[in-house]
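Biologist: Hello! I am new to this and would like to learn how to read a structure, one feature at a time. Could you guide me?

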Amino acid sequence: MKLVESSLKPLSTSMFNVEHIRTDFPILKLKIDGKPLVYLDNAASSQMPQPVIDRMVKYQTMQHANINRAVHYLSETATTEYEESRRRLKRFINASEDREVIFTSGTTDAINLVAHGYGRKFIGSGDEIILTTLEHHSNIVPWQMLAEENGAKIRVVPINDTGELLIEKYKQLFNKHTKFVGVTHVSNALGTVNPIKQMIEFAHARGVPVLVDGAQAAPHMKIDVQDLDCDFYTFSGHKLCGPTGIGILYGKAALLERMQPFKGGGDMIASVTFEKTTYNTIPHKFEAGTPPIAAAIGFSAAIDYLSAINMSMIAAYERDLINYATEQMRHMPGIRIIGDATEKVAVLSFAIDGVHPHDIGTLLNQEGIAVRTGHHCAQPVMQHFKVPATTRASFAFYNSMNEVDALISGIQKVQKIFS
Amino acid sequence: MNTKSLYQEVILDHNRNPRNYGSLDNANRSAEGHNPLCGDHLNIKLNLSRGYISDIVFQGESCAICKASASMMTANVKGKTQADAETLIQEFREMAIGKLEPDGNHHLGRLTVFSGIRDLPTRVKCAILPWHTLHAALNSVATISTEDDDDPMHVSIGNA
């Protein structure tokens, strides 16, 4: 990691009032066993600020009906708010058209949609799909299921010991059979930021489309899908201070139009007879059934909240957090940081000599500190580092430097107990 | 009981210096236990002769709770009959999921140091895995997983 030059003192905290931001999050006032909650499991799911909670309550108390159906006031209001949410998400990622934003139940659902809607139609026997060692299981298993069904092959980009993709190896994997690339923007287990723009450019030069799993990137940085030129980009609402059960798939309109639907049902059709069904236009073709309307509206309220703080500001503050935490931990005896990429977000995976991650997790919980322990649904990453599991502290913009200190002293307590 | 009393000296000691850790040449029963959710795995070998567990060892990679549980288990069942071991297996399991009171009527003795695990549903499987594996070894089942539905020792987090 690049550290702030010659000083651990955060650069941007003067402009960024974390204590003020924390007051927006009611859950952060909780005490766990009498200790203040230190929530460092943001890569699994982030917390929701009051304005988002309020927005969902407002929808549910004053605006709810089913969308795209009736002519009555509430149905029209709900439809308008739902479509407005799509528009805001489009702006958030700088997509060129509203119809390129499909609401899904989350990132997993979106990747399954592409594996089915694109993969089953355009990837066949003997074709190759390139994935990376850093993928979350949700960007591995749908492709394996497809490969098992149609005889396609999966090729995997390896990583080095800092947790970075070997880009030369990536380039060498391409051949005439390569039909698709699936790559995570940011590793959920290590925090590595992948050079996806460069990877996309390389794939496009060979006519290969690219899906980017943005679940761990979108909470931490400004995403511009036109600048990236990715073919698909996906992320989940609940990792961006929104509700669970909602996410988006961005896809280039030309690709989405050629794809087959994923789920059949209401709303995704133009007309139905028992002889033939004609599908609706995008994005509706991929939104069968009644969507989670409140969740979609909550999701857009969440990105409005983040945008008001400013994603670049969030990225800068989180960089200070991770630099501070990394620098503290680097000097602690018996600690091994797993994943030390030059470019990474505020995720710190680590091991304590002689202590199993599950014991670390339970003992930190005793101090009110919530971390994730386990394989993080990224077993290939664990296999590379030859560990069954790690302890992962993942930060959000509402975490304070004091909470980093709490983590450090929690780790010292664990080491003392096991000494 | 809270987690403070779970990580007490007796458990930490068994984790640091596990009893009956290693290999056994004349074993006639063995089983592999695995928790795919966390990667914990252990191997139990024992010698069962005329209904008695004359010797038992374990080896593996696991958290402190699992290792201490395995260590104390082997110390407890060594020299006991298969039937007595099965009783302990059952009682330990019931204690771990909160169905048996540590100060009630049972044969667990000092194994009640694990009773606090019932307040940590996500860790119940760590404590039970060695017992689960011993049960498999005694019943000549080669491998078990904490996530097998058909396993009689299966304890889902929801039940715990």
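Modeller: Gladly. Keep in mind that this is a predicted model.

Biologist: Which residues of chain A make up domain 1 and domain 2?

Modeller: Domain 1 of chain A is written in two pieces, 18-48 + 310-417, and domain 2 covers 53-308. Taken over C-alpha atoms, the centres of these two domains of chain A are 28 Å apart.

Biologist: How is the size of such an interface given?

Modeller: Often as the accessible area that is lost when the parts come together. For domain 1 and domain 2 of chain A, the buried area is about 3,000 Å², with 59% of it from carbon and sulfur atoms. Three residues, A:Met48, A:Met311 and A:Val345, supply 23% of the area that domain 1 of chain A buries against domain 2 of chain A, more than any other three residues.

Biologist: How many salt bridges and polar contacts are there between domain 1 and domain 2 of chain A?

Modeller: Between these domains of chain A the count of salt bridges is zero, while 25 residue pairs are in polar contact, both residues being at pLDDT 80 or more.

Biologist: Now the contact between chains: how many residues does it take from chain B and from chain A?

Modeller: It takes 18 residues from chain B and 13 from chain A. About 1,300 Å² is buried between chain B and chain A, and carbon and sulfur atoms give 52% of that area.

Biologist: What should I know about charged side chains there?

Modeller: The general idea is that side chains of opposite charge can pair when their charged atoms come close. Across the interface of chain B and chain A there is one salt bridge. B:Arg123 pairs with A:Asp359, and their closest N and O atoms are 2.9 Å apart. On the side of chain B that touches chain A, α1 (3-6), α2 (9-16) and α3 (64-77) of chain B each supply at least two residues. Of the elements on that side, α2(B) gives the most, with three residues.

Biologist: And how many salt bridges are found over all chains?

Modeller: The whole structure has 30. One of them joins A:Glu257 and A:Arg99, with the closest N and O atoms 2.7 Å apart. A:Glu257 lies in helix α9 (residues 253-258) of chain A and A:Arg99 in the loop between α3 (73-92) and β4 (101-104) of chain A, so this pair ties together parts that are 158 residues apart in sequence.

Biologist: Last topic: how is a pair of aromatic rings described?

Modeller: By the distance of the centres and the angle of the planes. Over all chains, the count comes to 22 aromatic pairs. Take A:Tyr118 and A:Phe232: their ring centres are 6.2 Å apart and their planes lie at 70°, so the pair is edge-to-face. This pair links distant parts of the chain, with A:Tyr118 in helix α4 (residues 107-122) of chain A and A:Phe232 in strand β9 (residues 232-236) of chain A, 114 residues apart.

How values were computed:
Residues are numbered from 1 along each chain as its sequence is written. Chains are lettered from A and ligands numbered from 1 in the order in which they are written. Side-chain values use heavy atoms; hydrogens and water are left out. Domain bounds come from an automatic or database domain assignment. Buried area is the accessible area (1.4 Å probe) that two parts lose on being put together, summed over both. A salt bridge is a side-chain nitrogen of Lys or Arg within 4 Å of a carboxyl oxygen of Asp or Glu. A polar contact is a pair of N or O atoms within 3.5 Å; within protein, one must be able to donate a hydrogen and the other to accept it, and residues adjacent in sequence count only if both atoms are side-chain atoms. Contact means heavy atoms within 4.5 Å. Helices (H or I, at least four residues) and strands (E, at least two) are DSSP runs, numbered from the N terminus. Rings of Phe, Tyr and Trp (its six-membered ring) pair if their centres lie within 6.5 Å; planes under 30 degrees apart count as stacked, over 60 as edge-to-face and the rest as tilted.
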